[in-house]
Amino acid sequence: MKVCLVGSSGGHLTHLYMLKPFWKNKNRFWVTFNKEDAQSKLKNETMYSCYYPTNRNLKNLIKNTFLAIKILRKEKPDLIISSGAAVAVPFFYIGKLMGAKVIYIEVFDRYDKPTLTGKLVYPIADKFIVQWKDEKKVYPKAIDLGSIF
């Protein structure tokens, strides 16, 4: 199985990195911002840099959509996992069109209302994971697995 882990740097990247027991023995690659935390955490990993800022930035959404097409055609992942933010959107939609399964993990600090990214990918996610029981009111089809922390 080939896994794509896609997300913004900072807390989103930390969330994905904490899934190491899952991804450590899998063929994988990362898509994130080319920032110090990503360079440090992922120094021995295959990493693609995406365009930022992404939130509510149409220009970078378009650039990241073309980037998603290029990377996903090359890598052909079976599974795409993200905890946000907006960079996940083009990778999820393009990946889904290419036959990949997509799993979204809603962020830990959002427990009573949806994130914009969550709202955008919820309809197409094969699995949508929340970390708080109350989030099931926002995302009824979600799976509550509790905190990643």
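Predicted model: local features only at pLDDT ≥ 70, side-chain atom pairs only at ≥ 80, totals over all residues.
Seven strands form an open sheet in the order S3-S2-S1-S4-S5-S6-S7, and the pairing is parallel. Strand S3, residues 47–49, and strand S7, residues 143–144, stand at the edges with a single partner strand each, so one side of each has no neighbour in the sheet. At the S7 end, S6 and S7 run parallel and are joined by two bridges, and there Ile129 stands opposite Ile143 in S7.

How many of the residues of S1 are buried? Five of the five are, so S1 is largely enclosed by the rest of the structure. If you follow the side chains, Lys2, Cys4 and Val6 point one way while Val3 and Leu5 point the other way, and all are buried. I would draw your attention to Lys2 in that list, a lysine that is among the buried residues of S1.

Let me turn to helix H5, residues 88–97. H5 packs on the sheet, where it touches S1, S2, S4 and S5, and its direction makes about 160° with that of S4. Seven of its 10 residues are buried, so H5, too, is largely enclosed by the rest of the structure. The buried residues are Ala88, Val89, Pro90, Phe91, Phe92, Ile94 and Gly95, and they pack against S1, S2, H4, S4, S5 and helix H6, which covers residues 116–121. After the helix comes Gly99, whose phi is positive, near 95°.

In soluble globular proteins, nonpolar side chains tend to be buried together. Here the largest nonpolar core has 29 residues, of which Val31, Ile80, Phe91, Phe92 and Phe128 touch the most other members. The elements that give two or more residues to this core are S1, S2, H4, H5, S5 and S6, and the largest share, five residues, comes from H5. Taking Val31 as an example, and leaving aside neighbours within four places in sequence, we find Val31 in contact with Cys4, Leu5, Val6, Gly7, Tyr48, Cys50, Ile71 and Phe91. There is also a second, separate core of 14 residues, which includes Leu42, Leu79, Ile81 and Ile105.

Now to the loops, and to Ser8 to begin with. Ser8 sits between strand S1 and helix H1, residues 11–17, and, at 6% relative accessibility, counts as buried. Its contacts beyond four places in sequence are Leu13, Thr32, Phe33, Thr54, Gly84, Ala85 and Val87, and the side chain of Ser8 reaches the backbone nitrogen of Ala85 at 3.2 Å. Ala85 itself lies in the loop between S4 and H5, and the peptide bond leading from Gly84 to Ala85 is cis, with omega near -5°. A cis peptide bond also joins Tyr52 and Pro53, with omega of about 5°; Pro53 is found in the loop between S3 and H4.

Beyond four places in sequence, Ala100 is in contact with Pro77, Asp78, Leu79, Ile80, Gly95 and Asp126. Ala100 and Cys4 are 96 residues apart in sequence, while their C-alpha atoms are 9.7 Å apart in space. Lys76, by contrast, is exposed, with a relative accessible area of 59%. Lys76 lies in the loop between H4 and S4, and its phi is near 50°, which is a positive value in a residue other than glycine.

Key. Residues numbered from 1 in each chain as written. Heavy atoms only, no water. Helix = DSSP H or I, 4+ residues; strand = E, 2+ residues; numbered from the N terminus. Contact = heavy atoms within 4.5 Å. Buried < 20%, exposed > 50% of the residue type's maximum accessible area, 1.4 Å probe, protein only. Polar contact = N/O pair within 3.5 Å; in protein donor to acceptor, adjacent residues only side chain to side chain. Core = buried A, V, L, I, M, F, W, Y, C linked by side-chain atoms within 4.5 Å. Pairing = 2+ DSSP bridges. Axes fitted to C-alpha atoms, helices over the stretch in contact; angles between N-to-C directions.
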